[in-house]
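Reader: I am new to this structure and would like to go through it in short questions. Please show it first.

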Amino acid sequence: MFSPIPCHLPRVTIVGAGRVGSTLAQRIAEKNLADVVLLDIVEGMPQGLALDLMEARGIELHNRQIIGTNNYADTANSEIVVITAGLPRKPGMSRDDLLKTNAKIVVDAAKNAIAHSPNAIFIIVTNPLDVMTYLAWQATGLPRDRIMGMAGVLDSARFETFIALELGVLPADVKAMVLGSHGDLMVPLSRYATVNGIPITELLDAATIESLIARTRNGGAEIVELIQTGGAFFAPASATSMMVESILLNQSRLLPIAAYLDGEYGLKDVVIGVPCRLGCGGIESILELSLSESEVAALHNSAKSVRKNIERSQEILAAKL
């Protein structure tokens, strides 16, 4: 008689089965990273999406399980919980305009998910991202190394894309770093942007670099204006998938992540985008770059805006209790 040896497969829960969430489920499954639980409040939708993804397994050559559900009990014992739930932006809206509606959605999702997966690492994708990450941190009571926001990875990818398009080079050869909030006050660091190690300041004039920075800050809004009926989802899903992969495979990648700061960069009690090492325990460390006076000022200005919206969101939540 053979005795079956129980094996544990990693599980990632995605709260919110909209375009970002469902695309992320596809990325994770097709990369063979983990089994996926796709949760949404709309009955039937996550189940249908999960079935659709399952029917593609033989074609995509993976055997990951994808479950669709409306019940948080089905998310139990997840290694990672990703929250994408919330209203997307519409033309003319800023990320901050979503504050009132999405605050309660994210807090409720975080509380429900942590109840069933107390050891999970949380990644927040819902906008306004920095504020939502702070609220989820408060709601879950997690240590700061186990909760983070996906922002800088996406913003950096957009900056890299625009640099590559401008220079006509391979996007994979471009590396860039964007810090600060996921919004109009983000801080693209042009002096840290390179093409195969060559600083873009050697390849582009100052005016062109400034125009690329402006386009990066407006990257999400540009897509919203073009689509009209929603926002970006392919690149946000890819950025989140990169973070999930770094955690599950313990890659210890250095990535710009929205993290809770406790003195780093002269900032306390705020969530803001900074470079972090990301591995199996979550945020392993925060790297403090040597920033110029103007870069520090821009980062602090960005944090000031986030803190103001944190205070607004807490007032909103308190009024609903």
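Reader: Is Arg144 buried, exposed or partly exposed?

Author: This is a predicted model, in which local features need pLDDT of at least 70, side-chain atom pairs count only at pLDDT 80 or more, and totals for chains, interfaces and linings use all residues. Residues are numbered from 1 along each chain as its sequence is written, and side-chain values use heavy atoms, with hydrogens and water left out. Buried means under 20% relative accessible area, exposed means over 50%, and partly exposed is in between (1.4 Å probe, protein chains only). Arg144 has a relative accessible area of 31%, so Arg144 is partly exposed.

Reader: With which residue does Arg144 form a salt bridge?

Author: A salt bridge is a side-chain nitrogen of Lys or Arg within 4 Å of a carboxyl oxygen of Asp or Glu. For Arg144 the closest N and O atoms of the pair are 2.8 Å apart, and the partner is Glu264.

Reader: How many residues apart in sequence are the parts that Arg144 and Glu264 tie together?

Author: Helices (H or I, at least four residues) and strands (E, at least two) are DSSP runs, numbered from the N terminus. Arg144 forms its salt bridge with Glu264. Arg144 lies in the loop between α5 and β6 (147-149), and Glu264 in the loop between β12 (253-262) and β13 (268-279), so the parts tied together are apart in sequence by 120 residues.

Reader: Is Glu264 buried or exposed?

Author: The relative accessible area of Glu264 is 11%. The cut-off for buried is under 20%, so Glu264 is buried.

Reader: How many salt bridges does a search of the whole structure find?

Author: Among them is the pair of Glu222 and Arg215, with closest N and O atoms 3.0 Å apart. Another pair is Asp262 and Lys268, with closest N and O atoms 2.6 Å apart. For the whole structure, the number of salt bridges found is 7.

Reader: Is Asp262 buried, exposed or partly exposed?

Author: Asp262 forms a salt bridge with Lys268. The relative accessibility of Asp262 is 43%, so Asp262 counts as partly exposed.

Reader: How many bridges join β12 to β13?

Author: Two strands pair if DSSP finds at least two bridges between them. One of the bridge partners is Cys276 in β13, which pairs with Leu255. β12 and β13 run antiparallel, and the number of bridges joining them is 10.

Reader: Which residue takes a positive phi in the hairpin of β12 and β13?

Author: The hairpin has 5 residues between the strands. The positive phi there is near 115 degrees, and the residue is Gly263.

Reader: How many of the 10 residues of β12 are buried?

Author: β12 is largely enclosed by the rest of the structure. That is because the buried residues number 7.

Reader: Which residue of β5 stands opposite Ile80?

Author: In a regular strand the side chains alternate between the two faces of the sheet. In β4 (residues 80-83), Ile80 and Val82 point one way and Val81 and Ile83 the other way, and all are buried. β4 and β5 (residues 121-124) pair in the parallel sense over 4 bridges. Opposite Ile80 stands Ile121.

Reader: Which residue stands opposite Ile83 in β4?

Author: Strand β1 (residues 11-15) and β4 pair in the parallel sense over 4 bridges. Opposite Ile83 stands Val15.

Reader: At roughly how many degrees do the axes of α1 and α9 cross?

Author: Axes are lines fitted to C-alpha atoms, for helices over the stretch in contact, and angles run from 0 to 180 degrees between N-to-C directions. The axes of α1 (residues 19-30) and α9 (residues 234-248) come within 8 Å, and the crossing angle is roughly 45 degrees.

Reader: Which residues of α1 make the contact with α9?

Author: Contact means heavy atoms within 4.5 Å. On the α9 side, the residues include Phe234, Pro236 and Val244. On the α1 side, they are Val20, Thr23, Leu24, Arg27 and Ile28.

Reader: Is Asp130 buried or exposed?

Author: Asp130 is in helix α5 (residues 129-140). With a relative accessible area of 3%, Asp130 is buried.
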